Amino acid sequence: MNVLVGLGGSDESIKTLRQTIDRTEAVGDDLTVAVLEKPESKRSQEEMQEEAAELLTAADVDADVITLEGDPGSSLVNYAEQGEFDQLVIGGGTLSPMGKIQLGPITEFVLLNAPTTVKLVR
Amino acid sequence: MSGTRPYPDEPSGPFPSPTTTLEDRDGRQIDIVALDSFADESLEDVVEMYVQFDPEDRAQGIPPTGEQRIRDWLEAIAENTVNVVARHDGDVVGHAMLVPDTGDPAAIDDPGDIEWELAIFVLQAYQRAGIGTELLEGLLGHAIDVGIERVWLTVERWNNPAIALYERVGFEATGTESFEQEMAIFLGE
């Protein structure tokens, strides 16, 4: 399967990538990692790109790491639409102090607009 | 004050401080009571309520299902929560709480400096009887008593009855909107 994972720069993004790498190794998927432009994130786009490359190298998984500029949701869906992807993977939301699952506007946009299957990683 | 959410400029209230008593629309006598501590017996009473709770009315993953997962959830957030319950014949039939939006226990020393997340649940057999409004107002009254100024919540965007209830007591929608609507209330300084 040809998988595209979209990442911001949060700890949740790291978790999403780790789980996606594990899955890629287990089933032999083709993986592309897209680092999105989210200036408010904990890690900058460059830092996230470097960290993603390190995690892939450490796991010995061969994957393209690209960066996408502009609005994160629409740039990711647009990229997925242009390529031959079977599945789009994104983070599955954050937890509020109370423990409520919160899905942000990017998640909502991707779920409502992506032409592919979308996987939310928890 | 920390945090980035927008809050209304004008304070809401006043709200009644617990303990209060009401007769609900079905003629049941309901006591709205603030819990001094949230451990042992008081926590078990609330666990018992959530065990009875119909999972169809869960929101955003809470309450969890199953007694052990319910207890784990409440124990994990119990320490610094502010809790008000609705009791009928001694049983907890509704629970409203505020959870501090900080990972720093020292910040709790001044409740007015931090933001508090609100949640409220009423058992299905006690819904649409006026209890939710009294419970919510009782929690906000108690919050003012303990010095809390800023309270926020998220509610599923299609849950119009809940949004109407929150608006009635003074919550306003904040800018953030996706599947959940975020709302905030200012209780005064």
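Analyst: This is a predicted model. Its largest cavity holds about 30 Å³ of space, and the count of cavities of 30 Å³ or more comes to one.

User: What makes this space a cavity and not a pocket?

Analyst: A 1.4 Å probe fits there but cannot get out, and therefore the space is called a cavity; a pocket is an open set.

User: Which residues line the largest cavity?

Analyst: The lining is made of A:Val3, A:Thr20, A:Arg23, A:Thr24, A:Asp29, A:Gln87, A:Val89 and A:Lys119. Helix H1 (11–27) and strand E4 (87–91) of chain A each supply at least two of the lining residues, and H1(A) gives the most, with three residues. By class, the lining has two nonpolar, three polar and three charged residues.

User: Why is the packing of H3(B) and H4(B) called oblique?

Analyst: Helix H3 (residues 131–145) and helix H4 (residues 160–169) of chain B pack at an angle of about 45 degrees, with their axes 11 Å apart. That angle makes H3(B) oblique to H4(B), because angles under 35 degrees count as roughly parallel and those from 65 to 115 as roughly perpendicular. The crossing of the two helices is right-handed.

User: Which residues of H3(B) and H4(B) meet?

Analyst: On the H3(B) side they are B:Thr133, B:Leu136, B:Glu137 and B:Leu140, and these meet B:Leu165, B:Tyr166, B:Arg168 and B:Val169 of H4(B). The contact has five nonpolar, one polar and two charged residues.

User: What lies around the largest pocket, and which chains supply the lining?

Analyst: The largest pocket has about 1100 Å³ of space. Its lining has 36 residues, with A:Glu12, A:Lys38, A:Thr94, A:Gln102 and A:Gly104 nearest the centre. Elements of chain A, including H1 and E4, and strands E6 (150–156) and E8 (180–186) of chain B each supply at least two lining residues. H1(A) gives the most, four residues. The lining divides into nine nonpolar, 18 polar and nine charged residues.

User: How many residues line the second largest pocket, and of which classes?

Analyst: The volume of the second largest pocket is about 790 Å³. It is lined by 29 residues, and B:Gln127, B:Asn159, B:Pro161, B:Ala162 and B:Leu165 are the closest to its centre. The largest share of this lining, five residues, comes from H4(B). By class, there are 15 nonpolar, seven polar and seven charged residues.

Technical notes: Residues are numbered from 1 along each chain as its sequence is written. Chains are lettered from A and ligands numbered from 1 in the order in which they are written. This is a predicted model: local features need pLDDT of at least 70, side-chain atom pairs count only at pLDDT 80 or more; totals for chains, interfaces and linings use all residues. Side-chain values use heavy atoms; hydrogens and water are left out. On a 1 Å grid over the protein atoms alone, a cavity is a set of points where a 1.4 Å probe fits but cannot get out, and a pocket is an open set with protein on both sides within 12 Å along at least five of seven lines; lining residues have an atom within 4 Å of a point. Grid points are joined across faces, edges and corners, and a volume is the space filled by probe spheres set on the points. Ala, Val, Leu, Ile, Met, Phe, Trp, Tyr, Cys and Pro count as nonpolar, Asp, Glu, Lys and Arg as charged, and the others, Gly among them, as polar. Axes are lines fitted to C-alpha atoms, for helices over the stretch in contact, and angles run from 0 to 180 degrees between N-to-C directions. Angles under 35 degrees count as roughly parallel, over 145 as roughly antiparallel, 65 to 115 as roughly perpendicular and the rest as oblique. A crossing is left-handed if the near helix is turned anticlockwise from the far one by less than a right angle, and right-handed if clockwise. Contact means heavy atoms within 4.5 Å.
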